[in-house]
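Biologist: I would like a close look at one part of this model. Please take the pockets, and keep it brisk.

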Amino acid sequence: MREPSVNADEVTPDSVTRHRHHWQQTLEKVRHRVEALSHYRHEGRIIRATGLVLEAVGLRLPLGSACLIELSGQGDERFAEAEVVGFAGDKLFLMPLADTSGLLPGARVLALSGNRLDIASARRFPLGEGLLGRIVDGNGRPLDTRGPLDLTPHAPLETPPINPLARAPIDTAIDVGIRAINGLLSVGRGQRMGLFAGSGVGKSVLLGMMARFTNADVIVVGLIGERGREVQDFIENILGEEGLARAVVVAAPADTSPLQRMQGAAYATRLAEDFRDQGRNVLLIMDSLTRYAMAAREIALAIGEPPATKGYPPSVFAKLPGLVERAGNGKRGGGSITAFYTVLTEGDDQQDPIADSARAILDGHIVLSRALAESGHYPAIDIEASISRAMPAVVSGKRLRQAQRFKQLISRYQRNRDLINVGAYVSGQDPQLDRAVALYPRLEAFLQQGMDEISDMAHTLAELDRLLPETD
């Protein structure tokens with residue numbers, strides 16, 4: 001900047017003061033600009049690219065740090081974002097968040113902190129009211145056509161854990177609009193339930209019914225690792241306009257990187273936490289927890305962690321409770337996150353390691369039966385194999401006895417089904433079985449419900465009273 005000209009004949013005390021003030025302002029602006037720049041340029045080089053992991057040297061960064069990797073191409077510089085997922089000596093293991101086509105040996109790696117790039121904008125994700133009705137990817141970028149989210153508040157994914165003694169207890173039932181769950185597997189506000197199912201038994205339809213019918217202020221849906229076609233199908237045909245209007249959908253389908261799939265699950269949980277902190281009652285639906293575990297397995301195996309149970313490294317079983325424990329009730333008087341996580345059971349094996357681990361850390365499980373689905377029974381809930389651990393705390397003694405009585409009758413009939421079908425059963429020998437045989441058509445009808453049929457809590461309990469009166 002040129003110095004303003006001053007005629008020697010016009011030099012006065014006032015002009016000298018103005019001249020000095022002008023330069024002070026100029027130097028102050030320059031000082032702010034210089035202080036905003038980094039004192040160092042943190043830069044490394046790619047030395048190896050094998051499979052999913054890139055190895056870099058020349059940088060000293062903590063786990064979880066973000067980097068940009070230079071990609072070759074015509075025209076402007078191109079970069080791919082990556083995250084530090086491990087290290088060995090001076091080498092860093094990086095996992096890209098996107099495609100790295102065009103990567104060359106020796107490509108530059110820039111740390112997103114400590115240079116001209118701003119970590120605050122790169123590793124912070126949009127939150128808040130502006131996301132209602134929106135569909136975003138695992139990075140918080142819009143997938144719909146409703147414009148950018150630059151004006152919404154942004155925050156990091158990591159949040160401090162809530163002291164377990166500070167959480168509000170689960171003591172209020174939540175209406176999910178599904179008769180079998182409301183009446184026999186009552187869910188409490190702030191409870192975390194697992195939906196255990198193989199492929200093709202109707203879990204997506206059941207999730208869509210919950211999203212439309214559940215009495216919640218906000219719905220957050222995380223579609224993690226599913227087929228890309230299923231994302232649009234879930235939004236348009238299962239969730240519908242009514243469900244989407246009060247929902248946020250985070251989609252990280254199967255063709256995205258494993259790191260982005262894990263990040264999508266964490267982002268969906270972070271969105272639910274933000275609404276809970278505003279005092280809202282949130283329904284979090286994550287499909288699926290198994291795909292999250294598979295993404296964690298891909299990363300762990302790629303950086304050299306040895307496999308343990310059925311190919312899953314030990315770190316995977318440590319990450320699952322870290323994600324699930326973020327849901328639940330907030331502090332007393334605040335909001336809540338009622339969560340449903342789908343768990344894929346390979347070959348309908350309920351002893352799958354992920355299913356077994358999820359069953360231990362969740363507050364109950366709803367099992368979907370392939371045999372019921374194949375017989376046209378929807379929703380295909382295996383009521384005998386399902387349980388809600390919080391049910392005794394959210395329903396009266398009468399309702400608990402009715403649910404137990406219902407399960408006993410169903411179980412008694414199922415154990416004797418073969419005898420009944422071949423005509424070997426003779427009535428009058430077992431009064432309990434006689435009662436089960438007489439009521440079974442009505443019991444079965446109670447458990448079935450159409451996709452567009454809603455059964456609120458009051459209607460469900462009235463039907464249960466007619467089916468199993470207290471004196472029964």
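Which element gives the most to the lining of the largest pocket, and with how many residues?

Modeller: That element is α6, with eight residues in the lining of the largest pocket. Bear in mind that the model is predicted. The volume of this pocket is about 1200 Å³. Its lining counts 41 residues. Nearest the centre lie Glu158, Ala266, Tyr292, Lys319 and Arg326. Helix α6 spans 258–277, and other elements that give two or more residues to this lining are β4 (78–88), α7 (289–302) and α8 (314–324). By residue class, the lining of the largest pocket splits into 22 nonpolar, 13 charged and six polar.

Now the second largest pocket. It holds about 410 Å³ of space. Its lining has 25 residues, and Lys203, Ser204, Glu226, Arg227 and Glu230 are the closest to the centre. Here α5 provides the largest share of the lining, six residues. Helix α5 covers 228–245; α4 (203–213) and α7 also give two or more residues to the lining of this second pocket. The classes in this lining are seven nonpolar, nine polar and nine charged.

One element links the two descriptions.

Notes: Residues numbered from 1 in each chain as written. Predicted model: local features only at pLDDT ≥ 70, side-chain atom pairs only at ≥ 80, totals over all residues. Heavy atoms only, no water. 1 Å grid on protein atoms, 1.4 Å probe; cavity = no way out; pocket = protein on both sides within 12 Å on 5 of 7 lines; lining within 4 Å. Points joined across faces, edges and corners; volume = space filled by probe spheres on them. Helix = DSSP H or I, 4+ residues; strand = E, 2+ residues; numbered from the N terminus. Nonpolar A, V, L, I, M, F, W, Y, C, P; charged D, E, K, R; others polar.
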